[in-house]
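Take a walk through this protein chain with the coordinates open. Keep the sequence beside them.

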Amino acid sequence: MFYVRTADRLQRTSVWRENLDGGLEYLKEVILEDSLGINDELERQMQTVVDTYQCEWADAISDPEKLKRFRSFVNDDRPDPSIIMTSERGQLRPA
């Protein structure tokens, strides 16, 4: 949760850690020693994430209406009219 709160949008964790002022030692102080006094809040936020988590894929495959959107990707031999294919170097690819 500390990463979620402090990283730039779409920033990889490795880059975030490398750019963190104080580096790994600072991160250890924050997480292990609670140097900022925010660990209880981080734990509450993480528990909220865990409690409210919903798997979008599990939801899609359990809902027949949503599953229809993925028909062309689930071993269906019928062509999908919205996907136009073109030939490139002797192979088909979406246009």
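The text below goes from confidence to aromatic rings, then to salt bridges, the hairpin and the surface.

The model is predicted. The protein chain averages a pLDDT of 90. A score of at least 70 is reached by 96% of the residues.

Now the rings. A search of the whole structure finds three aromatic pairs. One of them joins Phe2 and Trp16 in an edge-to-face arrangement. Their ring centres are 6.0 Å apart, with 70° between the planes. The angle is over 60°, so the pair counts as edge-to-face.

Tyr26 belongs to helix α3, residues 23–32, and lies 24 residues from Phe2 in helix α1. Tyr26 has 25%, so it is partly exposed. The cut-off for buried is under 20%. Together, Phe2, Tyr3, Trp16 and Tyr26 form one aromatic cluster.

Helix α2 covers residues 13–19, and Asn19 lies in it. Asn19 is exposed, because its relative accessible area is 51% and the cut-off for exposed is over 50%. Asn19 and Ala7 are twelve residues apart in sequence. Their C-alpha atoms are 9.6 Å apart in space.

Turn to the charges. How many salt bridges does a search of the whole structure find? The count is six. Among them is the bridge between Glu41 and Arg5, whose closest N and O atoms are 3.3 Å apart. That pair connects distant parts of the chain, with Glu41 in helix α4 and Arg5 in helix α1, residues 2–6. The two are 36 residues apart. Glu41 has 33% relative accessibility, so it counts as partly exposed. Arg5 has 41%, so it is partly exposed as well.

Lys66 and Asp59 form another salt bridge, at 2.4 Å from N to O. Lys66 is partly exposed at 27% relative accessibility. Asp59 is partly exposed at 34%.

Strand β1, residues 85–88, and strand β2, residues 91–94, run antiparallel. Four bridges join them. Met85 has Pro94 in β2 as its bridge partner. Two residues lie between the strands, and Arg89 takes a positive phi near 55° in this hairpin.

Charged side chains meet here too. Arg93 and Glu88 form a salt bridge, 2.5 Å from N to O. Arg93 has a relative accessible area of 36%, so it is partly exposed. Glu88 has 30% and is partly exposed. Arg89 joins Glu88 and Arg93 in a network of salt bridges.

Finish on the surface. Met46, Val49 and Val50 form a nonpolar patch there. Their accessible area together is about 240 Å². Val49 lies in helix α4. Its relative accessible area is 40%, so Val49 counts as partly exposed. Patch members need over 30%.

Key: Residues numbered from 1 in each chain as written. Predicted model: local features only at pLDDT ≥ 70, side-chain atom pairs only at ≥ 80, totals over all residues. Heavy atoms only, no water. pLDDT = per-residue confidence, 0-100. Buried < 20%, exposed > 50% of the residue type's maximum accessible area, 1.4 Å probe, protein only. Salt bridge = Lys/Arg side-chain N within 4 Å of Asp/Glu carboxyl O. Pairing = 2+ DSSP bridges. Patch = residues over 30% accessible without salt bridge, like charges linked within 9 Å, V, L, I, M, F, W, Y side chains within 5 Å. Areas by Shrake-Rupley, 256 points an atom, 1.4 Å probe, with all protein chains shown as cover. Phe/Tyr/Trp six-rings, centres within 6.5 Å; stacked < 30°, edge-to-face > 60°.
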